[in-house]
Amino acid sequence: MEIINIAATEDTPKVVLDHVNKVFEISGRSLPEDVVVFYQPVIQWLDDLEKSPIPNLELAIKLEYFNTASSKLILDILLKLEEINQNGTPLKVKWYYLSSDSDMREAGEEYSEIVSLPFEITEY
Amino acid sequence: MENASKKFTANQSSLAHLSSFHALLDEKDIMLVYCGEFSQELNKTLLAFTERKFKAENLEDNTRRKIFNIMVELLQNISKNKIENLEGTPEVSAIFMLGTNEEDYILVTSNMIRNEKVPPLKDRLDQVNSLDKEGLKNLYKDERLNATFSETAGAGIGIIDIARKSEKKLIYNFEKIDDKFSVYSLLIRVSK
Amino acid sequence: MNTKAIDDLTFVSEVRKQMDDNRLMLSYRGEMSQEIVMALLNMTEHKLSQTSFDTSIKSRVFAVMVECLQNITQHSDKTSFARSNMFMIGYTDKGYMVYSGNVITHEKVEELRSKITRINTMTEEELKEFYKFWIKNEALSGKSGFGLGLIHIARKTGNPLDFDFEKIDDEHYFFSLRTLVDH
C-alpha cells in the first residue's frame, strides 16, 4: 500500500493515508478547481485498500469547508469504504465538526444517512 | 423579476438594472471596485488581490513593481487622510479602482478631503504634471533633502513618486461638496 | 500625451453612486480562474472578519461565493466574453447580497431557468432530498453545470434565488444570480 501524505493548501485539504503509522485523515479546506484530479490518489488508494484491506481502519474527516464538487468525491470515498466494510472488513469513519459549526455536523449526519457504515460524529 | 422579489425590499434594484453598471465598468475598462473603509489590513488584501490577478497575466517585473508601489502610496493616502465621521460630516465613501485595457493598467482613487488641503495638492499635481522625467527626479531629490512633515505640504513626495513611476500625466479632479469638504479623485496610468 | 476619453473623471462619481445605491462593497468584472476566486474569497473573508457577525453568516457567504464563482470558472465562455464575468458583494440591513453573472450560450437558458424555478418552490425537506438525490446521481462533468451548487446555495441561505437572463445576441445571454445571506 502506498503512503499518501499531502500537505494542506489554501484550497486543498491535508490528506494522510498512512497504514504504517495508522493515521488516516482528511482535514482542512477542500475547494480545488479540479476535484477529480486532486482526489485521484485517494480513490486509487481506496481501490488498493479493497484488494488488501486493513482491519479496524479509522478515517478521520475534519473539514472546515468543502465545496459541492468535493462533496461528491467525499461521497465516493465513503461509498468505497462502505463496500469494503460490507465485504467483511471492520472500519469506521469519524466525522469531526467544530462546536460552533452546526452546518458541518449536519453534513456529517446527512452522509451517515446516505451510506451505511460505522459513522461517528464528534465535536471538537 | 423572476419570482423572488417578495423577499427583497422595495428599494432593491432589479438585477436587470445592474446591467447599466456593468456597461459603465466595461466602457471605462474597470475591473475591480472597492468601496468602503480602508485600513492597513484591507490595503494588504487589495494588494494581494492585484498580485494574484497579475500572476496570470505575466507582467514584466518592472511593471508589476511600479503598480504595487503606486498602489501602496495611493491606498496609504486614503487611510491616512480618513476624515472622522462626526455629525454633519458628509458621508462619502472612499473608492479604489483597478482597471486594464490594451495599453495600460489604470488605478483610481477617490476620497473626501478637507478644502484647505485642495490648493497645495492641486499645485503639487500641476507641478508634477509639468515636469519631465529629469525634472521629476530633481524635484524628488530636493523634497527628500528638505523633507517637510507638515500636513499642508500636499501629499508630500508620494505624488512625485507616483508620477515618476507612472511616466504619464496624473489625471485629477476636485469636486466641492460644501464649505468644508471636497472629493478628490485621482487616475494613474501605467503602460503595459 | 493621452487623448483617451477616460481622462474625464466624471465616471468616478457615477461608479460611487452605483456602488452606494446598490450597497456594494466590492465589484469585480473580468476573467475568472481559481486564482481569482481565491483572491476574491480572501478579500471578502477579510472584510467579513472585521464585522461582529457570527461565524455562521460568514461561512454561508463564503460557501455561496465559492459555488457561484467556481461555477463561472468552469462554465462560462472563455473567449470573447471572458471579461464579462461579474462578481459583486454588498451589504444591506437585510444581510449580505452576493451577485454573480456570466455569459452563457442560449441553449443553457431554459434548463437553468427551470432548475432555479424548481429549487425556488421547494421546502427545506424537499431541498434536502433533492440534494441527496443529486449527490448520488450527478456526473461531475454535468453539461448544464451548477447542479449541486444551486441546491446548496438555496439550502445554505434559505432564500429564493433571484435571477435574470439578459439577451446579448442570438447565441448568448447574460445570466445573473443574486442571493441574500441574511442574519
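Let's start with who touches whom. Two pairs of chains touch, and the pair with the most contacts is B and C. This is a predicted model, so keep that in mind throughout. Chains A and B share no contact. Their closest C-alpha atoms lie 14 Å apart. Chain C does touch chain A, with 16 residues of chain A in contact with 17 residues of chain C.

Now the B–C contact itself. How many residues does each chain put in? Chain C gives 44, chain B gives 46. On the chain C side, several elements supply at least two residues each. They are α1 (10–21), β1 (24–29), α2 (34–49), α4 (109–121), β4 and β5. Which one gives the largest share? That is α1(C), with 10 residues. By residue class, the chain C side divides into 19 nonpolar, 13 polar and 12 charged.

Look at the strands next. β1 of chain B, residues 30–36, pairs with β1(C). The pairing is antiparallel, over three bridges.

Some strand pairs in more detail. In chain B, β3 (residues 104–114) and β5 (residues 181–191) run antiparallel, joined by 11 bridges. Within that pair, B:Leu107 stands opposite B:Ile188. In chain C, β3 and β5 are also antiparallel, and 11 bridges join them. There, C:Gly101 stands opposite C:Ser176.

Stay with β5(C) for a moment. On β4(C), six bridges reach across to β5(C), again antiparallel. C:Glu166 faces C:Phe174 in that strand, standing opposite it. A hairpin of four residues makes the link from β4(C) to β5(C). Is β5(C) mostly covered or mostly uncovered? Mostly covered: nine of its 11 residues are buried.

Next, the core. The largest nonpolar core has 122 residues. Which residues have the most contacts inside it? They are B:Val33, B:Met97, B:Leu107, C:Leu69 and C:Val98. The largest share of the core comes from α3(C), with nine residues. As a general point, nonpolar side chains in soluble globular proteins tend to be buried together.

Take B:Val33 from that list. Set aside its neighbours within four places in sequence. What remains is contact with B:Ile95 and B:Met97, and with C:Val15, C:Met19 and C:Ser27.

Now chain C as a whole. Its secondary structure comes to six helices and five strands. Along the sequence the pattern is α-β-α-α-β-β-α-α-α-β-β. The radius of gyration is 17 Å, close to the 16 Å that the globule rule gives for 183 residues, so chain C is as compact as a globular protein of that length. Its C-alpha atoms fill a box of roughly 60 × 45 × 30 Å along the principal axes. Of its 183 residues, 44% count as buried. Among contacts in chain C with a separation of 6 or more, 68% join residues 24 or more positions apart.

Last, back to the A–C contact. It takes 16 residues of chain A and 17 residues of chain C. On the chain A side, α2 (68–86) and α3 (102–114) each supply at least two residues. The largest share, five residues, comes from α2(A). The classes on that side are six nonpolar, four polar and six charged.

How values were computed: Residues are numbered from 1 along each chain as its sequence is written. Chains are lettered from A and ligands numbered from 1 in the order in which they are written. This is a predicted model: local features need pLDDT of at least 70, side-chain atom pairs count only at pLDDT 80 or more; totals for chains, interfaces and linings use all residues. Two residues are in contact if their C-beta atoms, placed from the backbone, lie within 7 Å. Two strands pair if DSSP finds at least two bridges between them. Ala, Val, Leu, Ile, Met, Phe, Trp, Tyr, Cys and Pro count as nonpolar, Asp, Glu, Lys and Arg as charged, and the others, Gly among them, as polar. The radius of gyration is taken over C-alpha atoms; the globule rule is 2.2 Å times the number of residues to the power 0.38. A residue is buried if 20 or more other C-beta atoms lie within 10 Å of its own, exposed if 12 or fewer, and partly exposed in between; C-beta atoms are placed from the backbone. A nonpolar core is a set of buried Ala, Val, Leu, Ile, Met, Phe, Trp, Tyr and Cys residues joined through C-beta atoms within 7 Å.
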